[in-house]
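Welcome, and take a moment to look over the sequence and the model before reading on. We will go through the structure piece by piece.

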Amino acid sequence: MRRPISLYGLTFSLPLLIWQVLFFVFPLVFLVALSFWTVKNFVMRPDFDTVNWTTMYGRTVFWQAYGTTLALAAAASVLTSVLAFPAAYAVAFKLSDTSRRWAVFLMVIPFFTSYLVRVYSWQTFLSDNGIINVILSWIGLGPFVMLNTVGATMIGYLTLSFPLVVLLQLFSLVFIDRTLIEAAHNMRCGRLRTVFEVVIPSARTGLVIAALFCFILSFGDFVSPVYLGGGEPTTLSILITDTTKSGQQWPRAAVIALTMIGTLMVVAFVAVKFAYKGKSK
Amino acid sequence: MSRDTLVSFEGVVKSFGNFVAVQRLDFEIKKGEFLAIMGSSGCGKTTTLRMLAGLEAPTEGVIRLSGKPINDLPTWSRDTPMVWQSLALFPFLNVRENVEFALKMRGVGKAERRRRAEQWLDRMQITEFAERNISQLSGGQRQRVALARSLVVEPEILLLDEPLSALDAALKVRMQSVLKNLQRETGITFVYVTHSQSEAFSMADRVVIMSRGNIEQIGTPQEIYRTPKTRFVADFLGSSNVFTGTLQRGSAGSGIEISTSVGRFDLDLPNNSNPLGQSATLTVLDTKTQLSHTRPAGANAVPVRMIGEEFVGATATIYLETSDGQEMRVQKGHQELAELDLEIGQSLFAWWRKEDGHLIASS
């Protein structure tokens, strides 16, 4: 049932509302306006010209970066979800209550250190004379090029979102009605098949939301593609910095940023729609 | 083990750590019978059912299904479908998909699956809801989906764990007759766990009464009602007045009587095999207990005081108290009550014919 918002309720939501208006709606509106400004002799001028949009959308490099970013974020979401699921499943169903509490606690620890620090430490592992290659050389292998590859970028994305995805998946798995699993077993559905027939459909909302978070974080990430991927291939976040650096093209950067926001909104909308499909009736 | 035995429990014990849920079960379930396992919560009835379903493994003993030991058979390798108290319908599947689930797991082809599901949807009168979500159904409709889902594989045995407990009284009664008819028509063995006496007694061919992990009595509802085997059963059913005392030779020189704190009562025991001097329990059904204002001649009578009355439909329960504070109850029709002209606080005699008394030896 929908009820009108009372003044009392508004008192508590007002600070958040003001915050959102000041730091989300206002910059967004400004960003939209900025994308129509023009730049002459490295100086920005308020204007209403669609030239930035036509220029950017007319460039192959933009669409290449767009495709790359979309593909990388999608791959990261799938990879992270697939790798996180067995971990979340084990913690949800195989551990005792005490061990589960410890596992949750341990999964919070990665958030203690800054993401940037964690990415730098990956460099010391992955570089040509880094820890992994040194160890491999002891048994006569390598060196392997690992840093500045797409694989390294993916490791960065995993570092960014893996603990969060495990936690989100875990919270949706622990709320599954155990009798549903028993009922499936009782109807000749074996263990592994039950995971696909019952566990995943039951936890769908949480699993999709977890993957969505991974997508959002990876899609906008700048750190991993630069410091682990070596800036190749170019992602949209890299393209934004390049654009601002080359001739004060902030309006064109605004076009890229708005495209990213639009994409995320569509993806989030579709994902949430899918996550809650067939519910709330 | 006789030929018509479907399931046998042989010395089955189940403990969870230090807690012994089931002490030692030795009983058989016959082919095609409606067996109710009844008891209060924690008596081990659900654990017994879950062991039969393969959801718990017995700590000791053997469970046989059609003669074969099934202890080590996981639940997905047995054909013991169960209906859960929560029904455990899959909320992410619609009604038809729920009913088809077990067939799908058996690798039954799509067309055949649909045909067989259709049959059961029709039989349970839920065809019109086939494409609905579970959340759109009423309690009774869900009940029918759960039954269709379990029965679609046409099993030999169906296990039911208090499936009606969430329904309101009227619907409960209607579902009871649905269940009973279904069992009769299909000939499938039903094992029905419940804490409700009315459910067990109205549907079951035989009832198992459990207490603290033990079987107190197995028998037809009539047997259990008329001749409870233990003091626990008599108290649990709550339909008898119970007296404890010692057996002795009758004061008239013949027969046997029981001497209790509220009097000595003649027993109808032509072939008594119980040693005299042994303590025993006498039970008299509250429907067989009579009331009068004067002491009746030639019957067992107890002086009592009326302490209350309660009307339930066509009958009323009169609550009485003996001189030593023991509670007694009498069931009477309204007509009879009007003739007796009772009022609370009145002194009366509760009496019964000696053949209406039932003796439980070694209380």
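Two strands are said to pair if DSSP finds at least two bridges between them. Helices (H or I, at least four residues) and strands (E, at least two) are themselves DSSP runs, numbered from the N terminus. This is a predicted model, in which local features need pLDDT of at least 70 and side-chain atom pairs count only at pLDDT 80 or more, while totals for chains, interfaces and linings use all residues. Residues are numbered from 1 along each chain as its sequence is written, and chains are lettered from A and ligands numbered from 1 in the order in which they are written.

With that in hand, let us turn to chain B. Its strand 16 (residues 300-312) and strand 19 (residues 347-352) pair in the antiparallel sense over six bridges. Within strand 19 of chain B, Phe349(B) is the bridge partner of Pro303(B). Both strands belong to an open sheet of five strands in chain B, ordered 15-19-16-17-18 with antiparallel pairing. Its edges are strand 15 (290-292) and strand 18 (327-333) of chain B, each pairing on one side only. On average, neighbouring strands of this sheet are turned by 45 degrees against each other, direction ignored; the axes behind this angle are lines fitted to C-alpha atoms, for helices over the stretch in contact, and angles run from 0 to 180 degrees between N-to-C directions.

Chain B also has an open sheet of six strands, with the order 6-7-8-3-9-10 and mixed pairing. Here strand 6 (82-83) and strand 10 (214-219) of chain B are the edge strands. Strand 9 (residues 206-211) of chain B runs antiparallel to strand 10 of chain B, and five bridges join them.

How is chain B divided into domains? The assignment gives domain 1 (5-226) and domain 2 (239-361), with bounds that come from an automatic or database domain assignment. The C-alpha centres of these two domains of chain B lie 39 Å apart.

Now for chain A, which has 13 helices and two strands. Its C-alpha trace spans about 75 × 70 × 35 Å along its principal axes. Of its 281 residues, 31% count as buried; a residue is buried if 20 or more other C-beta atoms lie within 10 Å of its own, exposed if 12 or fewer, and partly exposed in between, with C-beta atoms placed from the backbone. Helix 6 (residues 131-138) of chain A is hardly covered, as the count of buried residues among its eight residues is zero. Gly140(A), which follows helix 6 of chain A, has a positive phi near 75 degrees.

What about the inside? A nonpolar core is a set of buried Ala, Val, Leu, Ile, Met, Phe, Trp, Tyr and Cys residues joined through C-beta atoms within 7 Å. The largest has 136 residues, and Leu35(B), Ala148(B), Val191(B), Tyr192(B) and Ala350(B) touch the most other members. Helix 7 (residues 150-173) of chain A supplies the largest share of this core, eleven residues. At least three residues come from each of domain 1 (5-226) and domain 2 (239-361) of chain B.

Finally, where do the chains meet? Two residues are in contact if their C-beta atoms, placed from the backbone, lie within 7 Å. The contact takes 18 residues from chain B and 16 residues from chain A. On the side of chain B that touches chain A, helix 2 (residues 95-105) of chain B gives the most, with three residues.
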